[in-house]
Amino acid sequence: MRSEINQLIEDERNVHVLYAFNGTENYINQILTYIEDGIAANDHILLVENERVSRVLQKELSTRFSAQQLELVHYVNSFQFYWSSGSYHPPAIQEYFTKMIQPYVENNQAFRSWAHVEWESVKEPLHLIEDFEKIVDEAVNAYSFPLICAYEKKQMPEHLQTILMETHPYVLMEDRFAVSEQYRPVDAVK
């Protein structure tokens with residue numbers, strides 16, 4: 001997995017991956033690998049993550065990297081990110097994200113992002129998730145950066161799985177990395 005995603009990021013940069021995970025331990029290992037690869041590439045890493053997982057990551061990363069290296073890792077509270085307008089509203093999330101990446105874009109600094117998307121508490125219609133993922137896919141291509149969207153597999157009903165497979169060109173399921181055969185680029189459906 002590591003070499004395939006890394007090679008893809010080196011070759012293309014605009015890489016949008018759906019990561020459907022099972023269990024916290026594997027999830028933590030995958031995100032640590034992504035952060036390690038980002039630090040090795042001297043990329044800024046924007047982590048949209050909940051506080052509990054962020055604390056685990058900070059503790060583990062502090063044993064692996066220097067303070068200077070850890071300055072490349074930037075934590076964004078996932079609840080604030082997805083609910084910044086008081087509800088799950090894709091245009092507000094897009095605005096928040098655009099402001100978040102603006103310094104890196106303006107300063108021509110390489111960055112990558114990881115977004116933990118927790119839907120178990122979301123009672124919104126699934127079409128909002130589809131709208132959001134289409135916006136994100138356009139952003140990945142416009143700003144040419146890698147993004148992994150992590151969803152817990154047991155929280156993904158079949159209809160959501162279909163939406164996510166159609167809005168992500170690449171899929172990581174546990175340790176299997178593949179091109180999504182169901183992917184439909186946004187410009188292809190306009």
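Strand S2 (residues 44-49) is mostly covered, with six of its six residues buried; buried means under 20% relative accessible area, exposed over 50%, and partly exposed in between (1.4 Å probe, protein chains only). The model is predicted, and local features need pLDDT of at least 70, side-chain atom pairs count only at pLDDT 80 or more, and totals for chains, interfaces and linings use all residues. Residues are numbered from 1 along each chain as its sequence is written, and side-chain values use heavy atoms, with hydrogens and water left out.

- S2 runs parallel to strand S4 (residues 111-116), to which five bridges join it; two strands pair if DSSP finds at least two bridges between them.
- S2 also pairs with strand S3 (residues 73-77) in the parallel sense, over five bridges.
- Leu 46 stands opposite Ser 113 in S4 and opposite His 74 in S3.

**Nonpolar cores**

- The largest nonpolar core has 32 residues, of which Phe 81, Tyr 82 and Tyr 151 touch the most other members. A nonpolar core is a set of buried Ala, Val, Leu, Ile, Met, Phe, Trp, Tyr and Cys residues joined through side-chain atoms within 4.5 Å.
- Helix H7 (residues 126-143) gives the most to this core, with six residues.
- Leaving out residues up to four places away in sequence, Phe 81 touches Val 48, Val 76, Ile 93, Tyr 96, Phe 97, Met 100 and Phe 132; contact means heavy atoms within 4.5 Å.
- A second, separate core of 28 residues includes Ile 28, Leu 32, Leu 57 and Phe 65.

**Whole chain**

- The protein chain has nine helices and seven strands, which are DSSP runs numbered from the N terminus (helices H or I, at least four residues; strands E, at least two).
- Its radius of gyration of 16 Å agrees with the value near 16 Å for a compact globule of 190 residues. The radius is taken over C-alpha atoms, and the globule rule is 2.2 Å times the number of residues to the power 0.38.
- The C-alpha trace spans about 45 × 35 × 35 Å along its principal axes.
- Of the 190 residues, 50% count as buried.
- Among contacts with a separation of 6 or more, 77% are between residues 24 or more positions apart.
- The chain exposes about 9,600 Å², of which carbon and sulfur atoms supply 47%.

How values were computed
Accessible areas come from the Shrake-Rupley method with a 1.4 Å probe; for residues, only the protein chains shown count as cover.
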